[in-house]
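Reader: I'd like to learn how to read aromatic pairs in a structure. Can you walk me through it?

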Amino acid sequence: MQPLDVINAAGAAWRSGISVVPVREDGSKRPDLQAWAEYQERRPTIEELVGWYGKRTDPLGRTGVGWVMGAVSGGMECLDFDDVDALEDYQARAQEFGAADILQRVMDAYFEMTPRGVHLFWRCETIAGNQRLAADAAGKVRIETRGEGGYVVVAPSYGEVHPTGTPYISTGEAADIVTLTADERDTLLSVARSLDRRERVEILHEPERATTPSDGTRPGDIYTDRVSWAQVLEPFGWRRVSRKGGEEYWTRPSARTGGIDATTNYADSGLLYVFSTSALPFEIERGYGKFSAFALLAHGGDYQAAARDLAGQGFSEDVPAADFGSSITLRPSGGVSPAASRGREHLAPPSDGSRSDSYRFDHGWSEGHFVTRYIAWAASQTDAPHEYHEAGALALLASCTPNVRSFFPPWPRGLATNLYLLIVGGTTASRKSTSLGYATALMRDVEASTILPNRATPEALIEALSQRSRRGSLIIGDEFGASMEQMLGRASYMSAAPGIILEAYGTRAYRYTRRSKRNQEGELKADFDEMIDPHLSLLTASTASIFEAITTREVQSGLLPRFAFIWPSSRPPRRPFYEPAPDAEDERAWLLDYLQRLFRWSSTSSMTGYDIPARWAHDAELVADEVVKRIEDEPNEIVQRLAAMELKVAMLSSLGDQVPAVQEMVVELRDAKQGERVIGRWHDAALRFAAEVGGLTVVQRIVEHGHERILDALKAGPMKRSQVSRDLKLTAKQTDDIEQTLLDRGLIEVMQQAADGPGRPAKIWRLA
């Protein structure tokens with residue numbers, strides 16, 4: 001850094017409308033002025049700025065520059081992270097709750113590394129004073145703001161400005177700092193408040209304190225014991241967006257950004273804790289019990305009226321819970337399905353996937369094996385969990401080995417090596433995309449045509465696979481949760497995609513018929529694509545947002561059980577972003593050469609049209625059969641396909657040990673045991689995944705729990721849509737969503753009733 005850098009930065013900030021002040025060079029980080037309050041009200045003049053920073057050629061110029069926040073700088077506000085780990089936690093939470101796009105806009109425009117942490121800046125018409133947003137359990141502040149009246153030391157300050165002597169570093173220009181809407185700002189602050197780890201304590205209103213001491217028999221006490229938070233909040237428009245362990249995350253009614261506005265039951269507190277200043281009638285930084293929340297939402301804070309109301313609903317000692325439990329559920333409540341919850345009690349409490357100095361991945365692959373060397377190479381390049389690299393290595397081996405098949409009675413058409421792999425990570429800083437990128441680049445160097453687009457319509461996917469008979473195909477893509485939401489939601493043009501993914505997993509011949517061409521008379525005519533022996537593998541990733549897009553039906557349909565879930569419980573220690581990765585080109589060259597030789601070996605079979613048989617040693621068969629038996633005894637549907645995956649991984653273990661010399665391969669005992677190790681990890685992750693399925697929106701729960709009633713009613717004959725809406729007490733928007741979901745699943749058909757008078761003809765639903 002040079003004084004000229006500071007002079008130029010001060011001038012650029014001043015020209016972009018920021019109130020700039022000089023900084024002391026004594027480590028105090030305070031303004032170098034006897035009084036600087038006036039610069040909270042006005043920007044310095046150009047003469048004052050020149051007086052502070054001298055001429056551009058001054059070799060002994062200042063080494064620090066500061067910005068005054070607030071209206072004087074155009075509504076400027078700073079989000080101050082105490083350390084980089086705090087930013088990583090924040091990025092993870094922003095991704096998890098739909099605020100990643102807003103955050104990325106802020107970071108792309110201007111990003112600042114301080115000697116110990118990070119500064120983010122934005123402008124907004126609505127800001128406040130300095131706020132402490134998140135602290136650790138001991139009360140140490142990790143995230144705070146500098147707002148109206150606040151002041152921040154900024155880049156390129158250096159030298160003795162900071163007590164460490166470390167410079168401030170920025171990317172971007174001050175003039176590019178983004179302007180946020182009030183809702184966007186509130187969302188980003190809410191995400192920060194959600195990371196507060198201080199103890200949550202219920203703060204009682206005066207009317208509550210004035211009541212007689214509780215002996216547990218008051219209506220409010222009974223209500224608190226008998227209802228869930230969903231039953232308290234959802235009737236008033238709150239929407240649960242996710243669940244992690246016992247804690248639930250909520251979005252306020254009419255939220256425009258879809259961010260997180262509150263949690264319930266943090267650290268088993270049983271309390272509602274609101275982060276958003278827009279989540280009226282609740283206040284931030286205080287805890288609410290269920291009765292307090294109900295009194296505010298239903299009776300404007302009149303606790304006596306709320307108690308009378310609850311007593312009238314049956315919340316009293318005279319009425320047992322079973323007599324009124326359903327009557328107070330104004331909207332269907334959800335939860336983990338019985339099928340999904342079975343087996344969960346055998347799991348350790350799921351970790352949040354945080355970084356740990358004690359991280360270790362005992363993968364079990366032998367020394368010199370392709371997977372071992374791939375993990376070591378990829379781990380030298382990035383600090384992603386090694387489990388991600390194992391998945392990448394298996395996807396590459398699978399893609400290079402089409403036509404290899406094991407023939408057993410349960411799989412008479414042959415079991416291929418292709419795999420569907422889903423990496424689940426709660427954070428953008430978990431390096432999911434980075435890990436996928438290494439696998440993509442290596443496969444592209446082996447055979448670029450193997451990689452198919454990760455965003456394609458069903459027709460385009462079928463057409464691509466039909467042109468790749470008996471050849472390996474690989475789809476690598478991030479944000480699988482968003483893709484699932486598109487396929488399973490209202491994008492009807494994608495509704496066929498899940499079925500095609502199901503077919504491509506194990507079919508040997510599949511014809512896809514469509515009506516998309518017209519003859520000379522203008523009539524639609526059928527045309528079709530046929531895929532013969534497709535060998536499709538998927539390597540994809542998602543954050544916890546996937547639980548908003550799926551339901552237990554995707555488990556029951558067989559779609560999700562075909563995926564291996566890679567969900568590490570911890571991550572390796574973080575590496576500084578500026579630390580260069582070691583040169584590992586020789587190792588990458590070895591991996592590339594191995595895959596190319598394996599690809600050529602398998603390609604011979606592609607040309608001849610014959611399968612490559614996998615021969616199993618008998619002791620390998622015995623080990624694999626014991627694994628298959630244990631899986632078949634499992635009650636949980638999501639793990640049922642792991643039996644086939646155990647055999648697939650065992651075959652890949654053999655194929656990764658050495659490239660066969662002939663068109664045959666042998667699965668040895670060590671391969672079956674390695675398959676057992678890998679499947680054990682995937683089994684635990686699958687049960688964790690299944691336990692999270694069910695964190696549904698209100699509308700999704702209405703569909704999942706109410707559609708059977710609709711279908712039963714339709715068995716008696718077609719019904720008017722309006723009648724269905726009245727019977728279930730649905731809004732028009734909810735009815736639209738249910739209609740589209742049932743259409744996408746092929747459960748109903750919708751007809752237009754012939755007009756018999758003025759007004760719009762009614763819609764008629766009937767069973768498909």
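Author: Let's go through some ring pairs and a couple of charges over rings. Keep in mind that this is a predicted model.

Reader: Okay, how is a pair of aromatic rings described?

Author: You give the distance of the centres and the angle of the planes. Here, a search of the whole structure turns up 21 aromatic pairs. Take Phe-408 and Trp-616: their ring centres are 5.7 Å apart and the planes sit at 70°, so this pair is edge-to-face. The cut-off for that label is over 60 degrees.

Reader: Which parts does the pair of Phe-408 and Trp-616 tie together?

Author: Phe-408 belongs to strand β16 and Trp-616 to strand β25, so the pair ties together parts that are 208 residues apart in sequence. Phe-408 is partly exposed, at 21% relative accessible area, while Trp-616 is buried, at 8%.

Reader: And what kind of pair do Phe-565 and Phe-689 form?

Author: That one is stacked, with 4.2 Å from centre to centre and 20° between the planes. Phe-565 is in strand β24 and Phe-689 in helix α24, so parts 124 residues apart in sequence are tied together.

Reader: Are Phe-565 and Phe-689 buried or exposed?

Author: Both Phe-565 and Phe-689 are buried.

Reader: Which residues do ring pairs link into a cluster?

Author: The cluster takes in Phe-370, Tyr-374, Trp-377, Tyr-438, Trp-590 and Tyr-594. Look at Trp-590 again: the charged end of Arg-373 sits over its ring, 3.8 Å from the centre.

Reader: Where does Lys-648 lie?

Author: Lys-648 lies over the face of Tyr-505, 4.8 Å from the ring centre.

Note on methods
Residues numbered from 1 in each chain as written. Predicted model: local features only at pLDDT ≥ 70, side-chain atom pairs only at ≥ 80, totals over all residues. Heavy atoms only, no water. Phe/Tyr/Trp six-rings, centres within 6.5 Å; stacked < 30°, edge-to-face > 60°. Helix = DSSP H or I, 4+ residues; strand = E, 2+ residues; numbered from the N terminus. Buried < 20%, exposed > 50% of the residue type's maximum accessible area, 1.4 Å probe, protein only. Lys NZ or Arg CZ within 6 Å of the ring centre and 35° of its normal.
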